[in-house]
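The points go from the whole chain to single residues.

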Amino acid sequence: MMNKNAYLVLAATGLLMAPVSGFAQTSSTSVNTNSSTVKMEDLKKADEKEKDIDSEITDARMRAQLGSKSKWSFKSSLAYSGGSVEEPLSGVRPNYRASATIEAMTTLSGDVGVNYRLGERDNISFGTGVTVVDPLHGDIVKPAEDTRKGRKGTLSRYEVSTPYLSWSRGYRAFDTQMISSLQYSHATDSDSINLTKTFGAASFSQTVLANFGQSKWNGGTSLTLGKSFYTGDLDDANMIAAAKAGKYKRSDMSFGLFPFLQYTFNDRYSFRTVFGYFQFARYEGYADNFQLEPYQSVGTGISITRDIYLYPNVQFTPKDIRADRTNVALSANLNLF
């Protein structure tokens, strides 16, 4: 028989093994009335215990951007660009950042892939880009009818291209919530390979979110930097002619600052607006940076679950706010498993 003092020493150091089922049940019962079990987890220092990322990232949208907390999961970031406020379900939408007379087809596009959780804060994702043209009209298994003014014929309904590899890290610093991410996308569609001679693109983004005291308001900004890579000079006659006429410029670098403001109604709903006023591009052969047409989005953030976040919104240019120069849109972060 083990004496009481020896038993307590072994229990405190974690060297005492629990009795195997069916053996020594009576003695273990009598001893447990006079001792307490010390778990190894309890002996760890507070900063050695693994933290839950949700204790650092509390914003619903940022949680969904990071992906599921499972080791392996499905991760997607999708955006539907619909018609104008006047005709939200139209298959054609105005290019609100250029002119209401320049039209584009409505699309559902984004990235779908697999997310691997490296640790509590870091994730590696890989997948591909997808685009569905005019998903709400016509036979979804057939090419889409080109219904833009002055156009005719059909467009390929689906496109799966541009595989990507990305890293993201969520963390808290200076009493703010932050996400840092890096991504490389490789060009695989025929236009990029044959016409623009695109090899791929690399990008970095940094999101910072701060609470405004004890109020329900918070806000921050997202910084983005991008660099395009090419396999060589343009060799298509039409592309060369367009470039010489100034109608086509091949992107070299891009950078932007996107401030945003949020008001939280409850755990599910929030008001959100994004200011796309500071977006710039540098083109090959040009020394200056060009500011892109400013835009703003206003909408409602909806947290369906921790891993599913929707943002129905209206996008417009503040320089010319008109109903026919708007874009009804929906962005979604969907994480499964």
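1. Contact here means heavy atoms within 4.5 Å. Of the contacts in the chain with a separation of 6 or more, 58% are between residues 24 or more positions apart.

2. The model is predicted: local features need pLDDT of at least 70, side-chain atom pairs count only at pLDDT 80 or more, and totals for chains, interfaces and linings use all residues. Residues are numbered from 1 along each chain as its sequence is written, and side-chain values use heavy atoms, with hydrogens and water left out.

3. The chain holds 6 helices and 18 strands (DSSP runs numbered from the N terminus: helices are H or I with at least four residues, strands are E with at least two). Of its 337 residues, 35% are buried, that is, under 20% relative accessible area with a 1.4 Å probe, protein chains only.

4. The largest nonpolar core has 14 residues. Such a core is a set of buried Ala, Val, Leu, Ile, Met, Phe, Trp, Tyr and Cys residues joined through side-chain atoms within 4.5 Å. Ile57, Met62, Leu66, Val274 and Tyr295 have the most contacts inside this core. Two or more residues each come from α4 (60–66), β12 (251–264) and β17 (308–316); α4 gives the most, with 3 residues.

5. Leaving aside neighbours within four places in sequence, Leu66 touches residues including Ile53, Ile57, Asn115 and Ile179.

6. Glu56 lies in the loop between α3 (40–43) and α4. Is Glu56 buried or exposed? Glu56 is buried, because its relative accessible area is 9%. Its side chain makes a polar contact of 2.6 Å with that of Arg121 (a pair of N or O atoms within 3.5 Å; within protein, one must be able to donate a hydrogen and the other to accept it, and residues adjacent in sequence count only if both atoms are side-chain atoms).

Notes: Buried means under 20% relative accessible area, exposed over 50%, partly exposed in between (1.4 Å probe, protein chains only).
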